[in-house]
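Biologist: I would like to learn how to read a model like this one. Could you take me through it step by step?

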Amino acid sequence: MPAQVTRLAALLVVVVIAMEAFALPADVSATTGDRPLVSFTAPGSITEGEPAVFTFRRTGDLSDELYLNLDFYFEGEFLQTDEMPEVWFAAGEAETVLSIPTVDDSTPEPDGSIGVHLQLRYFDPEPYDPQAPVYLQVTVRDND
Ligand SMILES: [Ca+2]
Ligand SMILES: [Ca+2]
């Protein structure tokens, strides 16, 4: 084998070893510091009468319950109730769902929206980091 090819092969081995040294275990890349990461999803729109379903997921240590810090923004007259429930992960759960019911009335009206802002929580007892996007808005379409 020509000397240049041998040197190139040796260099490639060094590069591969270096890349492995910098590769992060999967569970480290999924957390920021020691706080768990929380993310959520929601449909872009629903029709009045359907629930607006927000699905939250967390990574990291699942052994404790984790309460979420949420802000709500509403536009239009679609809600069954203004009282929004607490949302939390039970111990051992990686996923939890917030389902906000809407009313199928008979009033023609403009489309509205339900927005949820997932806030950071720095401090004990249950700190976590929200993962972008931290604000999701579901359009509520009128059907009258
Ligand atoms: Ca209706
Ligand atoms: Ca309506």
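Biologist: What share of the contacts with a separation of 6 or more comes from residues 24 or more positions apart?

Modeller: Two residues are in contact if their C-beta atoms, placed from the backbone, lie within 7 Å. Here, residues 24 or more positions apart account for 72% of the contacts with a separation of 6 or more. Keep in mind that this is a predicted model, where local features need pLDDT of at least 70 and side-chain atom pairs count only at pLDDT 80 or more, while totals for chains, interfaces and linings use all residues. Residues are numbered from 1 along each chain as its sequence is written, and chains are lettered from A and ligands numbered from 1 in the order in which they are written.

Biologist: How many helices and strands does the chain have?

Modeller: Helices (H or I, at least four residues) and strands (E, at least two) are DSSP runs, numbered from the N terminus. This chain has two helices and ten strands, in the pattern α-α-β-β-β-β-β-β-β-β-β-β along the sequence.

Biologist: What is the order of the strands in the open sheet of four?

Modeller: Strands of a sheet pair through backbone hydrogen bonds, either parallel or antiparallel. Two strands count as paired if DSSP finds at least two bridges between them. The order here is 7-3-1-9, with mixed pairing. Strand 7 and strand 9 are the edges, each pairing on one side only. Strand 3 and strand 7 run antiparallel over six bridges; for instance, Thr55 has Val97 of strand 7 as its bridge partner.

Biologist: Which residues have the most contacts inside the largest nonpolar core?

Modeller: A residue is buried if 20 or more other C-beta atoms lie within 10 Å of its own, exposed if 12 or fewer, and partly exposed in between. A nonpolar core is a set of buried Ala, Val, Leu, Ile, Met, Phe, Trp, Tyr and Cys residues joined through C-beta atoms within 7 Å. The largest one has 18 residues, and Ala52 and Phe54 have the most contacts inside it. Among the elements giving it two or more residues are strand 1 (37–41) and strand 3 (52–58). Beyond its sequence neighbours within four places, Ala52 touches residues including Ile100, Ile114 and Val138.

Biologist: Is Pro125 buried or exposed?

Modeller: Pro125 is exposed, because 9 other C-beta atoms lie within 10 Å. Pro125 sits in the loop between strand 8 (112–118) and strand 9 (129–130).
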